[in-house]
Amino acid sequence: MTSASGFLDIALGVALVTLVVGQVLSMVRLVLGPTTGDRILALDTMVINALGLVVVLGIQQGVKVYFEVTLLIAMLGFVSTVALARFILRGDIIE
Amino acid sequence: MTLAVAFTYAAGASLLIGSFFILVGVIGLLKFNDPMTRLHAPTKVGTIGVGMLLLASIFASVAEGSGTMHELLIMAFLFVTAPVSANFIAKVNIHLRNCDIPPAPPQDDTWSTLADQRLGIDNATPGAKVSES
């Protein structure tokens, strides 16, 4: 049992470090990004990475409340991505 | 007992696979050199990467004895919304002409994404017109 939980701890650490590196690299693309589409894409990727961070934290701490947090972040991320794209496409979000 | 150990190992393996795909997708987002090509990589972050993390969450909760399937809801939501947002970003790229303009549609004059008169964009771009016959 100790070996299995040790493996899970190592995997949790690897996942956390990977997600943080992913956030940093997405932020580099957000700052560099030559076009608006790249910036929207980088923001979408950052929202999804934050969602993964919350999921990994929920596994690590064993708290069930993080499920609702993850669902809310997923919905808000989708709506904000679509709103940004609509604004660029039509000049307005709700016509 | 043995089943809990197996599910703990499965959770760890899913975490490692998911973080690998997240790393690959984000490196692709940073290194590709075309807006439409850059659109390709981060969809792997949204589907396989976070999907494996949510699968690991299911496995970990089963290993702790209180198995829940709530995470399947988030997974289904992500799988449904990822293509929609990718399609919107592709339409933004076409609208701002940051990529090769696709060939003209078979029936209409031009793509509706390109036909925006308020911005004063000329619709007579090469490849966006259909020949009058």
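Mentor: This is a predicted model, and over all chains the structure holds one salt bridge.

Trainee: Which residues form a salt bridge, and how far apart are the closest N and O atoms?

Mentor: As a general idea, side chains of opposite charge can pair when their charged atoms come close. Here A:Asp38 pairs with B:Arg38, with 2.7 Å between the closest N and O atoms. A:Asp38 belongs to helix 2 of chain A, whereas B:Arg38 lies in helix 2 (residues 35-38) of chain B, so the pair joins two chains.

Trainee: What is the count of salt bridges between chain A and chain B?

Mentor: Between chain A and chain B the count is one salt bridge, that of the side chains of B:Arg38 and A:Asp38.

Trainee: How should I read the interface, and what area is buried between chain A and chain B?

Mentor: The size of an interface is often given as the accessible area lost when the parts come together. Between chain A and chain B the buried area is about 4,300 Å², and carbon and sulfur atoms give 80% of it. In terms of residues, 50 of chain A are in contact with 54 of chain B.

Trainee: Where do helix 2 of chain A and helix 4 of chain B meet?

Mentor: On the side of chain A, the residues of helix 2 that take part are A:Gly37, A:Ile40, A:Leu41, A:Asp44 and A:Leu51, and in helix 4 of chain B they meet B:Leu78, B:Ser85, B:Ile89, B:Val92 and B:Asn93. By class, the residues of this contact divide into six nonpolar, three polar and one charged.

Trainee: At roughly what angle do the axes of these two helices cross?

Mentor: The axes of helix 2 (residues 36-61) of chain A and helix 4 (residues 71-95) of chain B cross at roughly 160° and come within 9 Å. An angle over 145 degrees counts as roughly antiparallel, and helix 2 of chain A and helix 4 of chain B are therefore roughly antiparallel to each other. The crossing of helix 2 of chain A with helix 4 of chain B is right-handed.

Conventions
Residues are numbered from 1 along each chain as its sequence is written. Chains are lettered from A and ligands numbered from 1 in the order in which they are written. This is a predicted model: local features need pLDDT of at least 70, side-chain atom pairs count only at pLDDT 80 or more; totals for chains, interfaces and linings use all residues. Side-chain values use heavy atoms; hydrogens and water are left out. Axes are lines fitted to C-alpha atoms, for helices over the stretch in contact, and angles run from 0 to 180 degrees between N-to-C directions. Helices (H or I, at least four residues) and strands (E, at least two) are DSSP runs, numbered from the N terminus. Angles under 35 degrees count as roughly parallel, over 145 as roughly antiparallel, 65 to 115 as roughly perpendicular and the rest as oblique. A crossing is left-handed if the near helix is turned anticlockwise from the far one by less than a right angle, and right-handed if clockwise. Contact means heavy atoms within 4.5 Å. Ala, Val, Leu, Ile, Met, Phe, Trp, Tyr, Cys and Pro count as nonpolar, Asp, Glu, Lys and Arg as charged, and the others, Gly among them, as polar. Buried area is the accessible area (1.4 Å probe) that two parts lose on being put together, summed over both. A salt bridge is a side-chain nitrogen of Lys or Arg within 4 Å of a carboxyl oxygen of Asp or Glu.
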